Amino acid sequence: MDSKTKQMILSALCKHFSVDPVGLGGSDESDVKTLYSNVLKASGKELSSQNNEEVLKWMEYAEGLSKDCFAALEKLNAELAVKSVVLGNGLTPSAADVAVFAALHSSVIGLSDSDKEKIPHVIRWMNYIQIKEELTTLFGPISVKLPQFDFEVPKSVVKVDAKKAAESPKPLDKSEAQPSTKKAEPEEPKKKAAKEKDAKKEKKKPAEAAAAAPANKETELSVSLLNIQVGLIRKAWKHPSADSLLVEEIDVGEGKVRQVVSGLAKFCSPDDLTNRLVALITNVKPGKLRDVMSEGLVLCASNEDHSVVEPLLPPAGAKPGERVSFSGVEGKAEEVLNPKKKQLEKITPHLYTDESGVATYKGIPFMTSAGPCTSTIPKATIK
């Protein structure tokens with residue numbers, strides 16, 4: 001391992017443990033295990049012997065990585081397919097995550113787009129560590145372009161305005177286009193009565209269709225009704241009177257934070273969520289949850305039995321307040337969703353992650369200016 005990579009590992013570990021690197025000496029003559037031990041000692045923190053042993057194993061792994069290490073990346077990708085971090089509690093990264101991230105960074109950013117596509121779990125993990133540990137200033141963003149996002153809009157998404165279609169003029173046939181030169185003859189009474197009867201039937205048909213139209217329209221609600229914005233959780237704490245709830249203060253670029261209550265206490269700690277980007281529905285009707293006001297809904301991915309739940313993760317570089325978009329889906333968001341219309345309940349069945357963990361609406365990715373929103377849970381439901 002070259003001295004530059006060791007220095008990056010040292011800088012990342014110092015940031016993780018909130019230690020000033022000045023006074024720790026250089027990184028040239030020390031191996032990664034020694035660098036970690038020095039930083040840990042300077043932090044004044046103590047780890048259990050078992051935990052420390054696990055971290056040291058990953059430090060050894062980090063030092064053994066070379067720039068030509070794609071096989072190691074594929075192995076790590078398989079391991080990250082079933083967990084959020086390489087070593088830690090739930091979503092909380094450890095020193096091992098930080099060291100491995102720093103060791104891999106230069107190798108990963110040098111990969112071709114096609115190779116990056118082969119290790120989606122590594123890419124998601126690196127984006128997450130970079131955001132969670134605030135390492136963007138040290139390492140710069142990890143750009144990744146996935147060709148699978150360049151697609152045609154499915155026909156099921158293209159909507160036809162039934163009212164406009166009904167009103168549009170039909171082409172005239174020759175008999176209608178050319179005025180008759182024959183003199184109109186008086187109709188027989190029986191024929192006249194039959195025609196009037198048919199005309200009444202025809203009048204009934206449009207009325208019946210108009211009555212049925214609102215019901216059909218309600219079942220075809222678009223995701224564009226939802227105002228989904230990138231949010232940055234500034235602070236999180238436990239709900240004062242509900243063990244299953246957390247309260248967050250979320251910045252969506254409004255000049256003030258929004259207070260949001262989420263049912264995440266069984267899956268995330270307040271520390272897991274602090275300084276984390278999320279996808280937030282900001283036009284739900286504000287209301288109190290167990291006496292605490294909530295002004296939004298954090299979108300989360302969940303596995304089939306709901307034993308694993310985590311907030312969707314916008315990519316590093318996404319700006320708080322920007323609206324999540326869906327290619328080919330246009331429309332203005334409702335100012336405030338009406339709970340009586342059950343708009344949210346009719347849209348969320350179409351939200352899910354694909355096999356790579358990319359969040360989608362009917363297969364169309366949740367896109368930000370920096371790329372798609374993702375989850376570490378593939379083929380998950382989103383609510």
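Trainee: What does Ser224 touch, beyond residues up to four places away in sequence?
Mentor: Ser224 touches Arg323, Val329, Glu330, Gly331, Lys332 and Ala333. Contact means heavy atoms within 4.5 Å. This is a predicted model: local features need pLDDT of at least 70, side-chain atom pairs count only at pLDDT 80 or more, and totals for chains, interfaces and linings use all residues. Residues are numbered from 1 along each chain as its sequence is written, and side-chain values use heavy atoms, without hydrogens or water.

Trainee: Why is Ser224 called buried?
Mentor: Its relative accessible area is 9%. Buried means under 20%, exposed over 50%, and partly exposed in between, with a 1.4 Å probe and protein chains only. Ser224 is therefore buried.

Trainee: Where is Ser224 found?
Mentor: In the loop between helix 11 (189-219) and strand 1 (228-238). Helices (H or I, at least four residues) and strands (E, at least two) are DSSP runs, numbered from the N terminus.

Trainee: What makes a set of residues a nonpolar core?
Mentor: Its members are buried Ala, Val, Leu, Ile, Met, Phe, Trp, Tyr or Cys, joined through side-chain atoms within 4.5 Å. The largest such core has 66 residues. Leu13, Leu76, Leu104 and Trp125 have the most contacts inside it. Helix 5 (residues 95-109) gives the largest share, ten residues. Apart from this core lies another, of 26 residues, including Val284 and Ile364.

Trainee: What does Leu104 contact, leaving aside neighbours within four places in sequence?
Mentor: Leu65, Cys69, Leu73, Leu76, Trp125 and Met126.

Trainee: What makes a space a cavity, and what makes it a pocket?
Mentor: Both use a 1 Å grid over the protein atoms alone. In a cavity, a 1.4 Å probe fits but cannot get out. A pocket is an open set with protein on both sides within 12 Å along at least five of seven lines. Lining residues have an atom within 4 Å of a point.

Trainee: How many cavities of 30 Å³ or more does this rule give?
Mentor: One. The largest cavity has a volume of about 70 Å³, the space filled by probe spheres set on grid points joined across faces, edges and corners. Its lining includes Trp125, Arg276 and Glu310. Helix 7 (residues 120-132) gives the largest share of that lining, three residues.

Trainee: Which residues lie nearest the centre of the second largest pocket?
Mentor: Gly263, Leu297, Val298, Cys300 and Lys383, out of 17 lining residues. This pocket has a volume of about 400 Å³. Strand 8 gives the largest share of its lining, three residues.
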